[in-house]
Amino acid sequence: MSMRRGVRIGVDVGTVRVGVSRCDPDGILTMPVVTLTRAPDQSDLSALAGIVREYDAIEVIVGLPRHLRGGEGISAKGARKYARRLKTLVPHVRVAMVDERLTSNQAHARLRASGIPENEHRSVIDQVAAQIILEQALELERMSAREPGEEIIPETSEGAK
């Protein structure tokens with residue numbers, strides 16, 4: 001089976017910022033898109049849904065920040081909640097969670113290797129982390145010939161008729 005064709009969006013969810021990246025329709029190149037600021041009114045989620053629609057994405061890959069031993073803490077719960085909320089805004093698009101352990105470290109290393117001074121990392125670090133999350137998902141799909149990650153299933157309103 002060959003790789004599915006279509007743009008994917010990578011998302012690195014933080015408590016303050018959300019990094020967003022995308023890939024080309026062939027899933028070969030990833031590029032940073034934007035860093036969104038988390039907002040109490042969830043305007044960041046609306047902006048992200050707009051990006052998904054703008055690029056006509058077939059999938060959104062949200063990083064799942066597990067502990068090094070594989071467990072999930074408060075950050076993982078927050079990322080799952082964010083992904084579920086996004087799914088309600090883009091119900092026609094596959095939203096999936098992919099393990100993102102150590103992506104922040106990899107992002108800092110990538111920026112250092114690019115010659116970007118440490119004091120300038122903050123403005124782009126979340127986008128680079130989102131790129132790495134997306135690259136890992138694309139590699140998983142290439143290796144397994146299956147859609148990557150743990151799919152977010154839309155919440156149903158049981159009993160509401």
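This is a predicted model: local features need pLDDT of at least 70, side-chain atom pairs count only at pLDDT 80 or more; totals for chains, interfaces and linings use all residues.
Biologist: OK, so where does Asp 56 sit, and is Asp 56 buried or exposed?

Modeller: Asp 56 lies in the loop between helix 1 and strand 4, where helices (H or I, at least four residues) and strands (E, at least two) are DSSP runs numbered from the N terminus. Asp 56 counts as exposed because its relative accessibility is 63%, and its phi is near 50°, a positive value in a residue other than glycine.

Biologist: And what about phi of Ala 145?

Modeller: Phi of Ala 145 is near 60°, again a positive value in a residue that is not glycine. Ala 145 belongs to the loop between helix 4 (125–144) and strand 6, and at 27% relative accessibility it counts as partly exposed.

Biologist: Switching to the inside: which residues have the most contacts in the largest nonpolar core?

Modeller: Ile 9, Val 11, Leu 48, Val 60 and Val 62 have the most contacts inside that core, which has 26 residues; such a core is a set of buried Ala, Val, Leu, Ile, Met, Phe, Trp, Tyr and Cys residues joined through side-chain atoms within 4.5 Å. Strand 1 (8–13), strand 2 (17–23), helix 1 (43–54), strand 4 (59–64), helix 2 (74–89) and strand 5 (94–99) each supply at least two of its residues. Apart from it lies another core, of eight residues, including Cys 23 and Leu 134.

Biologist: What does Val 11 touch?

Modeller: Leaving out residues up to four places away in sequence, Val 11 touches, among others, Val 18, Leu 48, Val 60, Val 62 and Ala 130, a contact being heavy atoms within 4.5 Å.

Biologist: Is Leu 45 buried or exposed, and which residues does Leu 45 touch?

Modeller: Leu 45, which is in helix 1, counts as buried because its relative accessibility is 2%. Beyond residues up to four places away in sequence, Leu 45 touches Tyr 82, Arg 85, Leu 86 and Leu 89.

Biologist: And Glu 100, buried or exposed?

Modeller: Glu 100 counts as buried, at 8% relative accessibility, although its place is in the loop between strand 5 and helix 3 (103–113). Setting aside neighbours within four places in sequence, Glu 100 is in contact with Asp 12, Gly 63, Leu 64, Pro 65 and Ile 133.

Biologist: Now the sheet: what order do the strands take?

Modeller: The order is 3-2-1-4-5-6 in an open sheet of six strands with mixed pairing, two strands being paired if DSSP finds at least two bridges between them. Strand 3 and strand 6 (150–151) are the edge strands, each pairing on one side only.

Biologist: How many bridges join strand 2 and strand 3?

Modeller: Seven bridges join strand 2 to strand 3 (residues 30–37), in the antiparallel sense, and Arg 22 has Met 31 in strand 3 as its bridge partner. Their hairpin has six residues between the strands, and Gly 27 there takes a positive phi near 70°.

Conventions: Residues are numbered from 1 along each chain as its sequence is written. Side-chain values use heavy atoms; hydrogens and water are left out. Buried means under 20% relative accessible area, exposed over 50%, partly exposed in between (1.4 Å probe, protein chains only).
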